[in-house]
Structures are given as C-alpha cells and as structure tokens.
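Here are my notes for you on this one. Have a look at the fold before you read on.

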Amino acid sequence: MKKILFISAFLPSKTGAGENFSRQLINDLSEKHTIDLIFSKYKKDGLYKIENENVRILKVFRNSFLIKLLNYLMYPWIFPLFSVRFNFFRLAFIKKALRKNHYDLIIFDFSQTFLFSKFISGIPVIFYSHDVIAQRYSRAELRFMLPFIKVSEKFVLNKKTTRIFVPSEKDKEIIDRLYNIETFVTDVYIDSEIRIARQLSAGEYFVFFANWHRPDNSNGLRWFMESVYPALDTEVSFKIIGIGLPDDLMKFISAARNIEYLGFMDNPYTLISNARALVSPLFTGAGVKVKVIESLACGNPIIGTSISFEGIPERFS
C-alpha cells in the first residue's frame, strides 16, 4: 500500500465536473493506497465528505479574493491563475509534510497547484490538467494576454520526472503543439448513479446542468434566456440544476412560470434521463464537457454548441 499526497485546487465534491472527478479519483486510489489530502476552499463551500477510511484530510487552505490577491503579489511574474493558490507558507507546510510522512507519490490536481512542484524534488509527481488554460483564455476577453498565459503554462507544466494526465486527445494534441510536452489521456468517470439511471417516461421538459458559479456556464445560460427563450412557446418548460446561479438569472427565472431552479441535487441523473434533452449553450471554456458525456451516458440527447461537444472521443460518436 503506497502513501500518496493529493493536492487539489478545489474542494473534491459533487458540485462540479472537475471537483467530482477529483472526488472519484481519490476514492478510486484509496481502495489500495492511503491518501493524505490538501485542498483549497472558500468559506461558502461545504465540507469534504470522507468516503474511505484510507483518506485523511491533512490541511485545508482558505480561499478568498484577498488571499488570492496576496498570493499573486508574492509571485507576480506568471499569469495569476497559476499563482493565486500558491504562497511560500503553504509550500513550507507541504515540504514539512513530505519530510515527515515519506510519501511514495504526490498528485497535483488542477493547473492552479502545479507551481508548488517547481520547489519540490526527490519524489515522483503526477499532474492532472483538467483543461488547457491557453485554450480557455483564447476564447475569453483576456485573449490579448495569450502570450503571457502560454509562457506561464509552459513554465508550470515543464517539470522533468513528472507525468501529466489530461482528459482528452484534444488536450493532449494542444499541449504537444503549444509546448512540445508529452501527456497521457484518461477517461472521465461514469458515476454508478448514471449507469442505473433509466428513462421512466418521456419528459416534457428540457434541462440545464452545470456549476453556475463558473462564467462559462452562467454566461451561456444568460445568452439562452435573452436570445432563445423569448422565441419559444410558453408551454416549453425547463429545469435548471446546479449551485451558484447568479442573482440576475435567479430574478429572471423567478418571474417565469415555466422555468424551475432546483439548485444542487445529490443525484440529478434520473431527472436528466427523463428530460427531452440537456441544453448546453457554451461559447467559452476548454477541456471536455463532462456533463455532456454524463447526459449521453443517461441515454439523453444534447442541444449544444461546437464547444459543448469538443474533446469527446470518437468512440462515443
């Protein structure tokens, strides 16, 4: 049984696709190994639920706008996404844990944690890169900073003796093309609740499913409500699943009798499998859209943009 230090930029949970992948990966690894877990969380985030006795929470790093700003000022010469989780006090804690516990492996989860590895040696390292940051920002308002982002991303990824895993062949090709760095492709997890989800009846509603804290998702939903919803028959109904719906969208939805906001659901897959379709209006972002794969695994069709479907392996076609 190996000892693994697992460091994540977010709280592993079911609240978002990336966070849920982390949760399932930790559970998978802890079947045969012991896991010491370090992660960052905001005050509003929930608690981590330990699902295997081989998992131990070693440290929770607090997250806030002020903390992230101070972290960036400590290391201002790389793009902020790669530095806002990093500071030398946290690095000192990690190094002390490595000396004390004699881990066999350290896993850095999400690009925001990779900077720590530049100051660590003598232990095998794995990165899990949930998406390519340069691609994400090539579609955003900050695309003018793309050269700075590419230099920063190459810097944090380029560490010898490190294995980098990505969720799609698309991401592998982008990292190879941009940075000439080798990566390895994994699959996403298909939750056991998805595998048993069955269509019980032909639903009369469409469904949206996402972490609405993320602008990629909330901006797409906002576009849909402004540009598509007014043209639809009022008999067409919608259900919206996920945490963090912005106030302006909450206000819009509360005034619409045919839209229901359900918030976070521990098991949304029965509701998804009985919908007419999942709607995924995405215009920015990167990586694989796990919610799209999950909906397909529920046997449900998708209405989306080209970005909604990118990175899905051909074998799912």
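1. A quick word on ground rules. This is a predicted model, where local features need pLDDT of at least 70, side-chain atom pairs count only at pLDDT 80 or more, and totals for chains, interfaces and linings use all residues. Residues are numbered from 1 along each chain as its sequence is written, and side-chain values use heavy atoms, with hydrogens and water left out.

2. Start with the overall build. The protein chain has 12 helices and 12 strands; these are DSSP runs numbered from the N terminus (helices H or I, at least four residues; strands E, at least two). Its radius of gyration is 20 Å, close to the 20 Å that the globule rule gives for 317 residues, so the chain is as compact as a globular protein of that length. (That radius is taken over C-alpha atoms, and the rule is 2.2 Å times the number of residues to the power 0.38.)

3. What share of the 317 residues is buried? The figure is 53%, where buried means under 20% relative accessible area (1.4 Å probe, protein chains only).

4. Now the inside. The largest nonpolar core has 38 residues, and L5, I94, L98, I106, F108, I120 and L157 touch the most other members. Such a core is a set of buried Ala, Val, Leu, Ile, Met, Phe, Trp, Tyr and Cys residues joined through side-chain atoms within 4.5 Å. Elements that each supply at least two of its residues include β1 (3-8), α3 (88-101) and β4 (105-109). A second, separate core of 19 residues includes V207, Y269, L278 and C298.

5. Zoom in on I106. Leaving aside residues up to four places away in sequence, I106 touches L5, I7, I94, L98, I120, I123, P124, V125 and I126. Contact here means heavy atoms within 4.5 Å.

6. Next, a helix pair. Helix α8 (residues 215-227) packs with helix α9 (residues 247-254) at an angle of about 35°, and their axes are 11 Å apart. From α8, S218, L221, R222 and M225 meet D248, L249 and F252 of α9. By type, the residues of this contact are 4 nonpolar, 1 polar and 2 charged. Here is a handy bit of background: an α-helix has 3.6 residues a turn, so residues three or four places apart point the same way.

7. Last, α11 (residues 290-297). This helix is mostly covered, with 6 of its 8 residues buried. Those buried residues are V290, K291, V292, I293, E294 and S295. After α11 comes G299, whose phi is positive, near 80°.

Definitions and conventions: Buried means under 20% relative accessible area, exposed over 50%, partly exposed in between (1.4 Å probe, protein chains only). Axes are lines fitted to C-alpha atoms, for helices over the stretch in contact, and angles run from 0 to 180 degrees between N-to-C directions. Ala, Val, Leu, Ile, Met, Phe, Trp, Tyr, Cys and Pro count as nonpolar, Asp, Glu, Lys and Arg as charged, and the others, Gly among them, as polar.
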